[in-house]
Each structure stands twice: as structure tokens, then as C-alpha cells.
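Dear colleague,

I am handing over the structure below, together with notes on what was found in it. Please read the notes with the coordinates open beside them.

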Amino acid sequence: MELKAGNRDEKRLVTGCRNNETWAQKQVYDLYAPAMLSVCIRYVIDKETARDILQEGFIKVFTKINTYAGTGSFGGWIRRVIVTTALEHLRQNDALRNSESIDEYNSAIQDETATIIESISANDLLVCISGLPTGYRTIFNMYAIEGYSHSEIAGILNISENTSRSQFMRARKLLQKSVLSLFNPHVK
């Protein structure tokens, strides 16, 4: 559950966190951690690594709480800190450079009817996303889910805007193939 911007409870929590009050930090963590863990898992598949990123992200939230200007959603600000922490983890582990080549997945993807898309569950889709190579998954998450522009992604990941666009398109094709394989196991 997210508190609305401008809400008295949100302001109280932010003030408490700025004053390093443990009760406020615990309440913020309890309120936002489950959703933020899901964000972390989208970037790194391993749940233990995702939990480590979550913890590191919340440490940053509490140490950098004074940078929250109070404009916009507090939950959105927390999400941005968590995403940035996940991206830093990927960069530190060189995961973005060592992602698999698209050539390994270069078979044709058949067009299927919209009924396939309508019948896939959110959990099935998340499983398919988690199967993408790290670089593709990162750019797909940033563009399609987090709402970053290709220009922003290029700046954050230190790549060209065209690289971001092509990686996103390749991720989409792999994701389509993965979704199709849920309904037709013979698709390779």
C-alpha cells in the first residue's frame, strides 16, 4: 500500500526518517519492502541477491532521505532508489557486459493470435522476463516497466540510445518467443 503524496501520515513518516527515528524507518520498510523486493527480483533472478539489493537500497533510502524533495510520490522516490541500487549491482558485477548474445536465440518468432496474450498470467509473464539475458532484462525492465526513456537508459547505463532501443527490441522478441513456448512447447 502506498501513501498518497501530501498525506499527513506520509509527511510524518518522512520527518521521522529524517530524524533517524527507528519506528518510522521500520514502518516505511514494512510498508514498501514487499513491492520493492518484487522490483529487485525483476533485475536479478536470485532471491538472496535480490534481498541483499533490497537491504542496500533501504539503507540508501534512509541515509539519503534528505534528498527527497516531497514532490511526487514517496513510494515512487523509494522505487527509483531501489532500481538505481539494482542497476549499480549489475554494473559492479559486470552483468550488463557479460549478457548472452542474441545469436543464440535467432530463430523466427511466429505471429500468434491475441488470445495467447489474454490467457497468460502475470506470474507467467514475470517468469518469462526473468529468463531473459541480464542486459536485455535490465533494459526491458527499465523501459517497459519502470518507464525510463531510451535516452535516460543510455545515460544511466553508459550506452548509446540506439543500443538501448535495439536491446529492448531483442528483449521483446525473446519475450514473445518465451510466451509462445508456454502455449506451444515445441517452439524453440
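Does Arg 137 count as buried or exposed, and at what relative accessibility? Arg 137 counts as buried, at 3% relative accessibility, where buried means under 20% relative accessible area, exposed over 50% and partly exposed in between, with a 1.4 Å probe and protein chains only.

Before going further, please note that this is a predicted model, in which local features need pLDDT of at least 70 and side-chain atom pairs count only at pLDDT 80 or more, while totals for chains, interfaces and linings use all residues. Residues are numbered from 1 along each chain as its sequence is written, and side-chain values use heavy atoms, with hydrogens and water left out.

Arg 137 is found in helix α7, helices being DSSP runs (H or I, at least four residues) numbered from the N terminus. Not counting residues up to four places away in sequence, Arg 137 touches Arg 42, Tyr 43, Val 44, Ile 45, Ile 129, Ser 130 and Leu 132, contact meaning heavy atoms within 4.5 Å.

The axes of α4 and α7 come within 12 Å and cross at roughly 165°, the axes being lines fitted to C-alpha atoms over the stretch in contact and the angles running from 0 to 180 degrees between N-to-C directions. That makes α4 roughly antiparallel to α7, a label for angles over 145 degrees. Here Arg 79, Leu 87 and Leu 90 in α4 meet Thr 134, Thr 138, Met 142 and Ile 145 in α7.

Lastly, Ala 24 lies in helix α2 and is buried, with a relative accessible area of 0%. Leaving aside its neighbours within four places in sequence, Ala 24 is in contact with Leu 13, Gly 16 and Cys 17, and the C-alpha atoms of Ala 24 and Arg 12, 12 residues apart along the chain, are separated by 8.1 Å.

With kind regards

Methods: Helices (H or I, at least four residues) and strands (E, at least two) are DSSP runs, numbered from the N terminus. Angles under 35 degrees count as roughly parallel, over 145 as roughly antiparallel, 65 to 115 as roughly perpendicular and the rest as oblique.
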